[in-house]
Amino acid sequence: MNQALAPASAGQQQRALWLSTFAFTVCFAVWMIFSIIGIQISEQLGLTDTQFGLLIATPVLTGSVSRVFLGIWSDQFGGRKVMVLVMLCGAVATWMLTYAHTYPQFLFAALCVGIAGGNFSVGVAYVSRFFPASRQGTALGIFGAGNIGSAVTKLLAPLVMVAAGWTMVAKVWAVALAVTAVLFFLFSKEDPSLEQRRRDGVKPVPFSEQMAPLRNLQVWRFSLYYFFVFGGFVALALWLPHYLVGAYGMDVGTAGMLAACYSIPASLFRVVGGWMSDRMGARRVMYWTFSVSAICTFLLAYPDTEYVVKGIHGPIHFHLAIGVVMFTVLVFVLGFFMSLGKAAVYKHIPVYYPRHVGAVGGVVGMIGGLGGFILPIVFGALNDVLGIWSSCFMLLFVVVSAALAWMHFAIRRMERRHFPQIDRETDLPEAIDAAAAERARGT
């Protein structure tokens, strides 16, 4: 349906946006719960880094895969009902987590908790219906800032866990999610397009038609972008507390606070990314994101190294390592530009696929979320195999470099298709002028 047929008032827009953002924040806090309680559970069960990586990544798997179906159901039945259902299911699963005792039980519980992460595709489909295309980038940027829930967990969960154990963290987070579901149901409204369909008696778009855009390679290119900017964000949000404890010998409380220095900019500045995408174009923002991220991950990937040079008067020893201060600065910058990229990716979707926001947004979100599932497991495996803490950033450097290369060559290919004269031009303007003068003399 055309949103112009049922425009939303400014009050309705603000209510939908801020209620959805608050709900997404709480859902994301629950989704990231294993980044903190997983440390105590790992000590309790004596897990390897690979097992730990699988545990903290398992909720991301459910949240990622469910995004496709939840996004489609949001387009078909309305985001309000689907969002409330997701939050209630997540609350029950988080409470039931406290009854797990063995590693397989924890993995199963983590799968169930992960449903909370599916809230994102629901919110994207719901919020975008209230805003015109010219403002969707900013609106979805504000909604996406709900990623700040990761920082909420990192700052508050260690305090609760130290005081009352990890089970109390799960119970408090479960109650908070259930209360949020009730508040959202009481104060939110159905989106304008759903109400318009009801008035006109129009049936929901069939599942097969919703999935039709997925045949486009462009959708999967957007997915790779999101694999890095969101999947990498989720992976680091889960991994950094463990990384800081192991690489720098911090306690879990300090590690959680420093990890928040990454999560906060990687979340809040998504609002800026949405605004910049509306004003300057999403493509330019993506170039900035990938270029700066490649530099940051390259520097962070450099391992703690000892050099010995045979000098004239004997061996000369060098020690190169990234200290805590420089590490914090680099992850802050990395988080900032990843947040811009997250908003820029989702600026593309309502513009290119206005009638399939739920389906396309769900697939892109799923691939991004799968990055948050796959990467922590690979981080742990690299630690076990290579024995180098910075190996996680080595992997991220490879991913962002691939995304940057694909984006650049795809853009160049589109430019050549629309402006074939580009291939005939040269970087030497003097040569162009000389050739023009020669042709003029010949005539």
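This is a predicted model: local features need pLDDT of at least 70, side-chain atom pairs count only at pLDDT 80 or more; totals for chains, interfaces and linings use all residues.
In β2, I316 is the bridge partner of V309.

Strand β1 (residues 305–311) and strand β2 (residues 314–320) run antiparallel and are joined by seven bridges.

**Helices α1 and α6**

Two packed helices are described by the angle between their axes and the distance between the axes. For helix α1 (residues 10–31) and helix α6 (residues 119–128), the axes come within 10 Å and cross at roughly 175 degrees. Angles over 145 degrees count as roughly antiparallel, and α1 and α6 are therefore roughly antiparallel to each other. On the α1 side, the contact is formed by A16, L17, S20, F24 and C27, which meet N119, F120, Y126 and V127 of α6. Sorted by class, this contact of α1 with α6 holds seven nonpolar residues, two polar residues and no charged residues.

**Helix α4**

Helix α4 (residues 79–96) has 18 residues, which at 1.5 Å a residue should span 26 Å; the end C-alpha atoms of α4 are 26 Å apart, so the two values agree. The buried residues of α4 include G79, R80, V82, M83 and V84, as well as G90, A91 and T94. The buried residues of α4 pack against α1 and α6, and also against the helices in the table.

| Helix packed against buried residues of α4 | Residue range |
|---|---|
| α3 | residues 49–77 |
| α5 | residues 103–113 |
| α9 | residues 166–187 |

How values were computed: Residues are numbered from 1 along each chain as its sequence is written. Side-chain values use heavy atoms; hydrogens and water are left out. Axes are lines fitted to C-alpha atoms, for helices over the stretch in contact, and angles run from 0 to 180 degrees between N-to-C directions. Helices (H or I, at least four residues) and strands (E, at least two) are DSSP runs, numbered from the N terminus. Angles under 35 degrees count as roughly parallel, over 145 as roughly antiparallel, 65 to 115 as roughly perpendicular and the rest as oblique. Contact means heavy atoms within 4.5 Å. Ala, Val, Leu, Ile, Met, Phe, Trp, Tyr, Cys and Pro count as nonpolar, Asp, Glu, Lys and Arg as charged, and the others, Gly among them, as polar. The expected span of a helix is 1.5 Å times one less than its number of residues. Buried means under 20% relative accessible area, exposed over 50%, partly exposed in between (1.4 Å probe, protein chains only). Two strands pair if DSSP finds at least two bridges between them.
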